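Hello,

Here is the structure I promised to pass on. Please open it next to this message; my notes follow below.

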Amino acid sequence: MSTVSIVRTDGDGGAGADATHRKLQRLRALLWKEARQVVRDPSSIAIGVILPLILILLFGFGLSLDVKDVPIAVVIEQPSSEASALAASFQLSSYFHPQLLHALVPAEQRLMSGRVDGIVVIPNDFSARLGSGDARLQLVLRGSDANSARIIEGYVEGAVATWSGQLAEAGQTRIQNGTAGPVQLQTRLWFNEADDSRYFLVPGLVVLVMTLIGALLTSMVMAREWERGTLEALLVTPVRSGEILLGKTVPYFLLALMGFVLCALSAEFLFHVPLRGSLWVLFGASMLYTLVALGIGLLISSAVKSQLVASQLTMLATFMPAFMLSGFLFDLRSMPAAVRLVTYVLPARYYVALLQSVFLAGDVWSVIIPDALVLALMAAVLALASRAVMRKTLV
Amino acid sequence: MNPATKAAPALMAQGLYKRFVRKDQPPVTALDGVSLTIYHGELTALVGPDGAGKTTLLRLAAGLLPRDGGALEVLGIDVARDPQAVQDRISYMPQRFGLYEDLSVAENLDLYADLHGVTAAERAQRYPVLFEMTALGPFQRRLAGRLSGGMKQKLGLACTLVRQPELLLLDEPTAGVDPLSRRELREIMLHLVRDQGLTVFLCTSYLDEAERCSRAIILHQGTVLSQGPPQEIAQLAAERCYLLTPRAGESARGLQAQLLDHPHIVDAVPDGGRVRIVRTEPAAIGVAADEPNDPMRSHELQAVRPRFEDGFMVLLQRVARREQAAPITVTHPVRPDAQGGAAVRVEQLVKRFGAFVAVDHISFEVQRGEIFGLLGPNGAGKTTTFRMLCGLLTPSGGQLRVAGADVRTAPASARARLGYVAQRFSLYGPLTVVENLEFFAGAYGLRGEHKRARIHWALEQFDLGARAQATSAELPGGYKQRLAMAAALLHEPEILFLDEPTSGADALARRAFWRRISALADQGVTVIVTTHFMQEAEYCDHIAIMDAGQVLARGSPGEIRALAGSDSTPEPTMEDAFIAVVEQARRGLGRDGREVAA
């Protein structure tokens, strides 16, 4: 057996350039190691690529706030040509799936048993009153789901207004309904012309996906090193804690960006959400947010050191708030002041605002610049905090 | 050797103090004023019972934990002030050796070489040596996770040697490794120290390993009991060590059990068919003149040279409360003739996992009331055999009768008559000792008064009463093992299976464990056990050595030992015999023995 020459590798041995070279060598080794583990460990790929796909399809197609084909009962107490014309306009509308009845009692039964969501009563004096310009309709709605009830109310008013508008144009008498009076209200929905809830849901969905994969990826991989005991060996080498953190961040940053590209592509081509701002702003904001999410994951897993606890904590600390408090689903302005204050520390809030403006409004710099600055600040704070927590000790 | 560091010792601790503060519990003092010195170019062993503070000391030296008092210098550097400077120059292998299981052998080495800044030229020179030394050359592309236990340990060691460290810290490098791999690891370490001037500081629970080191440090409850050359420590037992030969018809184990309670005996272990004892006093002092039945009078005594282990036991005797493990009393002794026939009969047993034959047509018999040892290297098929005997795995072929029942047709009734202690601690960590016992008693169908009586019996017999309300997760290692055994004995099984029950346990805990096993066997319980400690095979009535799914040798410990007898080793130890049997079989099959790990 040949003898081995003694190789001295203490850090203070070489010149500055040599030290930098060693640093790069260590970093490269950590990056390669991590990349190989990602490729060989199906769970990282699952979180980075499969999970976003499932979430996009599930939420994108499954989650919609639009109400279509509402089952309603249309009660015609006394048949007349006007009543039939009005009922027909409900039947023609894509929003309703009306059932024509001739008495209120069966309609009420259907409302109670949940087979219809509302009742439109065309009273027996409808035609007579229409002539005198004082026609009335009764709308009964199930108020237990107030949100849907309001939407259906709007639809019914719209349908009646359309019908009476047609009547007015035809030179006939008009219903006393307010909208079809001398003042005509022309509604325009900006940023979401089609009034399609996907327009604002899909950008929010991108936020959810990026939150989940960004934070989950790093929190799992760091805790895994603690659990398997590999970190204990790694710590007793010339490697510096900053290098370990960087070695964890870069590969998963790239993986999370792959997830983002999947999201952006599906937003554009699957859900046809318009991109009105510029692509580079979209990418820039997403990269910033990815850094924030990775930072949260690193911080959590450096602190708890167990994969199970880390993943649960990540869900609680990032996913749930991003879902409930980011403005993705619920309007922040309608929240109590105390809850609204909490939302200001949530990175997801800023990313939702950024994405909604880039996708639907365009490059609105008054939104983009302050929100991007906040995200950048958060990323920096998280990096420093991870650095502080990730000391090279076991305690 | 670097001349700059030659002057200072490799490691020097002065009054080192470390304690751990836990939530809602009194703090634990792990190191209580430890002073020790490790010199360059030496192989120093750190030994001591479980919880002595060995791992804490190594972690402090590696700069992984802050100390709470005293001084600790490694390579002349104050570790607390500049841990990174120390970490740049030493290498450390933790107990779980820090391999990346999804990286290959070569990739693991490359990673550590890069982290240590080893150049390509140095690698070209160093790698072939490492591969030759560890015999991992043919497996460079295999994933570390798919290596056998012994090979993983060797790879872990190789990763610490990608460059010559100025100090190498190894935490239990041979724990859970079979005797063959242990011998290989030991030879690598001795070679490195002798031929390359490496400085190694390792902690181990194998006292025979410490004996081969240049210096040994004995740690007990956070304090150093002794440090010096192992021969010096062995001399503490000078003129106190004897071999007693059992009389005709008397078993070595029976004699040993008798001697353990002798007031003037520190330690007694079965050894090559005889009993090796260490007396409390040198020479014949303390042998009761008026006691003709005193075994030290009635048996032939042959003075022997003290070993390191004897000195270690003498030292511990001075400080430690002597483990007065009352030999266990079974409530209903199993009458040897209760059923007649063997307790376990295995004929041509086969287990296949896909194309891999884990157990390959093995046959053996275990008589009632005997201790049967199943020995073999890692991956020999011992655990698979155990699981089939307990009805946890379905055999692929062959006959298997346990307690008179065919396990395949009547697993439930057969299982009620056997107890099983798995290799890994399989009790519920968050439950207390009593809650665990209650759960297992319920699982075995015990009720009411009988259940209470059995739990009371378990707490008393296994000396668990004082810790009855402690959660089992916070029990010290030795207590955990006792609790696991108590749970397995609640339903008074006729046959007890123990899979590596003493792995990772210290010498004292192992002694107490074997006392209980001996007592159980004397009362008719059949015990089947696997172990990596070859000395422990001496407690068995019969043993079988397995490798690659086959039984290579069967017989009494004496018969097995005789297999390795030759002119060069007239009195082979069990370890010699084990290695000889396995190596001979592997050569005979004409294959590289290391391939077994595949």
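How many helices and strands are there in chain A? Chain A has 14 helices and four strands. Bear in mind throughout that this is a predicted model.

**Confidence**

The model scores ipTM 0.77 and pTM 0.79. Chain B has a mean pLDDT of 84, with 91% of its residues at 70 or more. Among the elements of chain B, strand β3 (residues 43-47) has the highest mean pLDDT, 94. Helix α1 (residues 3-6) of chain B has the lowest, 45. Across residues 1-6 of chain B the pLDDT is below 50, and this stretch has 10 contacts in the model beyond near neighbours in sequence. Residues 590-598 of chain B also stay under 50. For that stretch the model has 10 contacts beyond four places in sequence. Where pLDDT is low, the predicted coordinates should not be read in detail.

**Chain A**

Chain A has 395 residues, and 39% of them are buried. Take its contacts between residues at least 6 apart in sequence: 77% of these join residues at least 24 apart. The domain assignment gives domain 1 (37-62 + 196-389) and domain 2 (70-169) of chain A. The C-alpha centres of these two domains lie 47 Å apart.

**Where the chains meet**

The contact between the chains takes 34 residues from chain A and 38 residues from chain B. On the side of chain A, two or more residues come from each of α1 (16-40) and α8 (230-235). α1(A) gives the most, with nine residues. By class, this side of chain A has 13 nonpolar, 10 polar and 11 charged residues.

**Helix α4 of chain B**

Which elements do the buried residues of α4(B) pack against? They pack against α1 of chain A, and also against α5 (120-134) and α6 of chain B. Helix α4 (residues 105-115) of chain B is mostly covered, with nine of its 11 residues buried. Among the buried ones are B:Asn108, B:Asp110 and B:Asp114. B:Val105, B:Leu109, B:Leu111 and B:Tyr112 are also buried. After α4(B) comes B:Gly117, which has a positive phi near 65°.

**The six-stranded sheet of chain B**

Chain B holds an open sheet of six strands with mixed pairing. The order is β6-β7-β8-β3-β9-β10.

Strand β9 (residues 215-220) of chain B runs antiparallel to β10(B), and five bridges join the two. B:Ile217 stands opposite B:Gln227 in β10(B). Helix α6 (residues 149-160) of chain B lies across β6 and β7 (167-171) of chain B. α6(B) runs at about 165° to β6(B).

**B:Arg307**

Is B:Arg307 buried or exposed? B:Arg307 has 20 C-beta neighbours inside 10 Å, so this residue counts as buried. B:Arg307 is in the loop between β14 (301-303) and α12 (308-319) of chain B. Leaving out residues up to four places away in sequence, B:Arg307 touches B:Glu211 and B:Ala234. B:Gln235 is 72 residues from B:Arg307 along the chain, yet 7.9 Å separate their C-alpha atoms.

**Domains of chain B**

Chain B is divided into domain 1 (3-228), domain 2 (239-305), domain 3 (344-417 + 493-597) and domain 4 (427-490). The C-alpha centres of domain 3 and domain 4 of chain B are 27 Å apart. Their contact takes seven residues from domain 3 of chain B and five residues from domain 4 of chain B. On the side of domain 3 of chain B there are six nonpolar residues, one polar and no charged.

Best wishes

Note on methods:
Residues numbered from 1 in each chain as written. Chains lettered and ligands numbered in written order. Predicted model: local features only at pLDDT ≥ 70, side-chain atom pairs only at ≥ 80, totals over all residues. pLDDT = per-residue confidence, 0-100. Contact = placed C-beta atoms within 7 Å. Nonpolar A, V, L, I, M, F, W, Y, C, P; charged D, E, K, R; others polar. Pairing = 2+ DSSP bridges. Axes fitted to C-alpha atoms, helices over the stretch in contact; angles between N-to-C directions. Domains from an automatic or database assignment. Buried ≥ 20, exposed ≤ 12 C-beta atoms within 10 Å, placed from the backbone.
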